[in-house]
Structures are given as C-alpha cells and as structure tokens.
Amino acid sequence: MVKMEIGEVLQYYRKKAKMTQAEMASICGLSKNYISAVERGVNKVNSSSLLIMMKTLDIPLESFF
C-alpha cells in the first residue's frame with residue numbers, strides 16, 4: 001500500500017473531479033496559492049480548510065487513514 005501525503009490525496013481527488021486549483025479555491029473560499037501550497041506540501045492544511053476541501057471533492061474520511 002502506497003502512503004500518500006494529505007496534499008497528494010487532495011490533488012488526486014481534485015484532478016479526478018476535473019477541477020482546476022482556481023475552481024476549487026473559488027468553491028472553497030480559499031486562494032489558489034493556498035491550494036497549490038497544500039498540494040505541494042509547502043503549507044500544512046488546518047482542519048477547517050481540510051473539511052471544506054473534502055466536502056467539495058467528496059473525499060471519504062478513510063482516504064486519510
């Protein structure tokens with residue numbers, strides 16, 4: 001089993017949804033730069049932003065455990 005970082009999981013589901021970082025940022029009320037930094041592992045994501053992104057991308061909680 002390959003372990004993915006949170007940013008990699010978010011990026012995987014965003015691309016699966018055929019959504020750009022800009023589209024996701026707009027829907028989530030976050031900046032594109034923040035989404036990019038989280039996906040690259042530059043920034044850590046806080047719990048409230050993570051929940052918003054998970055709901056937007058319909059990510060099951062099990063994907064992070």
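1. Lys18 lies in the loop between α1 and α2. In this predicted model, the phi of Lys18 is near 55°, a positive value in a residue other than glycine. Most residues other than glycine have a negative phi, which makes this position worth a look in the backbone. With a relative accessible area of 74%, Lys18 is exposed.

2. Although Asp58 is not a glycine, its phi is positive, at about 55°. This value is taken just after the end of helix α4. Asp58 has a relative accessible area of 66% and therefore counts as exposed, the cut-off being over 50%.

3. The largest nonpolar core has 17 residues. Those with the most contacts inside this core are Leu10, Met24, Met53, Ile59 and Phe64. Four helices, α1 (6–16), α2 (21–28), α3 (32–40) and α4 (47–57), each supply at least two residues of the core. The largest share, 4 residues, comes from α4.

4. Which residues does Ile59 contact, leaving aside its neighbours within four places in sequence? They are Leu10, Tyr13, Met54 and Phe64. Two of these partners, Leu10 and Phe64, are also listed with Ile59 among the core residues that have the most contacts inside the core.

5. Helix α4 has a buried side. Its buried residues are Ser49, Leu50, Met53, Met54 and Leu57. Seen down the axis of α4, these residues fall within an arc of 135°, so they line one face of the helix. The buried residues of α4 pack against α1, α2 and α3. On the other side of the helix, Ser47 and Lys55 are exposed.

6. Side chains of opposite charge can pair when their charged atoms come close. The count in this model comes to 1 salt bridge. Glu39 forms a salt bridge with Arg14, and the closest N and O atoms are 2.6 Å apart. Glu39 lies in helix α3 and Arg14 in helix α1, so the pair ties together parts that are 25 residues apart in sequence.

7. Not counting residues up to four places away in sequence, Glu39 touches Gly7, Glu8, Leu10, Gln11, Arg14 and Gln21. Among these, Arg14 is the salt-bridge partner of Glu39, while Leu10 is one of the core residues with the most contacts inside the core.

8. Gln21 lies in helix α2 and is buried, with a relative accessible area of 16%. The side chain of Gln21 makes a polar contact with the side chain of Glu39, at 2.8 Å. Not counting residues up to four places away in sequence, Gln21 touches Arg14, Lys32, Ile35, Ser36 and Glu39. Both members of the salt bridge, Arg14 and Glu39, are therefore among the residues that Gln21, itself buried at 16%, touches.

Definitions and conventions: Residues numbered from 1 in each chain as written. Predicted model: local features only at pLDDT ≥ 70, side-chain atom pairs only at ≥ 80, totals over all residues. Heavy atoms only, no water. Core = buried A, V, L, I, M, F, W, Y, C linked by side-chain atoms within 4.5 Å. Buried < 20%, exposed > 50% of the residue type's maximum accessible area, 1.4 Å probe, protein only. Contact = heavy atoms within 4.5 Å. Salt bridge = Lys/Arg side-chain N within 4 Å of Asp/Glu carboxyl O. Arc of directions from axis to C-beta. Polar contact = N/O pair within 3.5 Å; in protein donor to acceptor, adjacent residues only side chain to side chain.
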